[in-house]
Amino acid sequence: MNKFYKYIVLLLILFTGCNQEIRVNPLTTKKGRYCYDGDTCYLKGGDSIRLTGINAPEIKGKCEKEIQIAIRARDYINDLINKAKYVEVSTVGKDKYGRQLGSIYIDGQQIQEKLIDMELAVIYPKRKDWCK
């Protein structure tokens, strides 16, 4: 990915979090997983978090290829969380579905950046046809 765009995404994510709430190790599991897909994870207390700045493929996707990429993204995040020494969540508000909006940091590195680098997500608001 072009470094300029990567920095823009990181700045957007950071600056949208000016009034952020930071929680350490706030994730919980459902059905043995911390994250439902590549951009939605579960928080303790019953909330979920929608990762800001990215769009990831959907588990209930339009085609088998999208579903398989969504599963790879979900499994990648869950594996990182399971191996992490330190997990931190930073939230900035809620979306129209009531999910917290924010970022997850695993051992100090933002997970959104990792997903974009692995081509398991794209920069929001860009959409990708994962079926192609």
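This is a short tour of a predicted model, stop by stop.

**Stop 1: the core**

Start with the largest nonpolar core, which has 24 residues. Select Leu-27, Cys-41, Ile-77, Ile-81, Ile-104 and Leu-115; these have the most contacts inside the core. Now colour the elements that give two or more residues to this core: strand 3 (48-51), helix 2 (64-83), strand 5, strand 6 and helix 3 (111-117). Which element gives the largest share? Helix 2 does, with five residues.

Stay with Ile-81 for a moment. Leave out residues up to four places away in sequence, and Ile-81 touches Leu-27, Tyr-34, Cys-35, Val-87 and Ile-106.

**Stop 2: the disulfides**

A disulfide is a covalent bond between the sulfur atoms of two cysteines. How many disulfides are there to find? The count is two.

Select Cys-35 and Cys-41. Their sulfur atoms lie 2.0 Å apart and form a disulfide. Look along the S-S bond: the angle about the bond is 90 degrees, and the link is right-handed. Are Cys-35 and Cys-41 buried or exposed? Both are buried.

Next, select Cys-63 and Cys-131. A disulfide joins them too, with 2.1 Å from S to S. This pair links distant parts of the chain, 68 residues apart. Cys-63 sits in the loop between strand 4 and helix 2, while Cys-131 is in the segment after strand 8 (122-123). The torsion about the S-S bond of Cys-63 and Cys-131 is about -110 degrees, so this disulfide is left-handed. Cys-131 counts as partly exposed because its relative accessibility is 29%, between the 20% and 50% cut-offs.

Number the bonded cysteines in sequence order, and the pairing reads 1-2, 3-4.

**Stop 3: Asn-55**

Move to strand 4 (residues 54-55), where Asn-55 lies. Asn-55 has a relative accessible area of 8%, so it is buried. Where does its side chain reach? The side chain of Asn-55 reaches the backbone oxygen of Lys-126, at 2.9 Å.

Show what surrounds Asn-55. Beyond its neighbours within four places in sequence, its contacts include Asp-39, Arg-50, Ala-121, Val-122, Tyr-124 and Trp-130.

**Stop 4: Tyr-97**

Finish in the loop between strand 5 (87-94) and strand 6 (100-106), and select Tyr-97. Is Tyr-97 buried or exposed? Tyr-97 is exposed, because its relative accessible area is 61%. Tyr-97 and Arg-50 are 47 residues apart along the chain, and 9.8 Å separates their C-alpha atoms.

How values were computed:
Residues are numbered from 1 along each chain as its sequence is written. This is a predicted model: local features need pLDDT of at least 70, side-chain atom pairs count only at pLDDT 80 or more; totals for chains, interfaces and linings use all residues. Side-chain values use heavy atoms; hydrogens and water are left out. Helices (H or I, at least four residues) and strands (E, at least two) are DSSP runs, numbered from the N terminus. Buried means under 20% relative accessible area, exposed over 50%, partly exposed in between (1.4 Å probe, protein chains only). A polar contact is a pair of N or O atoms within 3.5 Å; within protein, one must be able to donate a hydrogen and the other to accept it, and residues adjacent in sequence count only if both atoms are side-chain atoms. Contact means heavy atoms within 4.5 Å. A nonpolar core is a set of buried Ala, Val, Leu, Ile, Met, Phe, Trp, Tyr and Cys residues joined through side-chain atoms within 4.5 Å. A disulfide is a pair of cysteine sulfur atoms within 2.5 Å.
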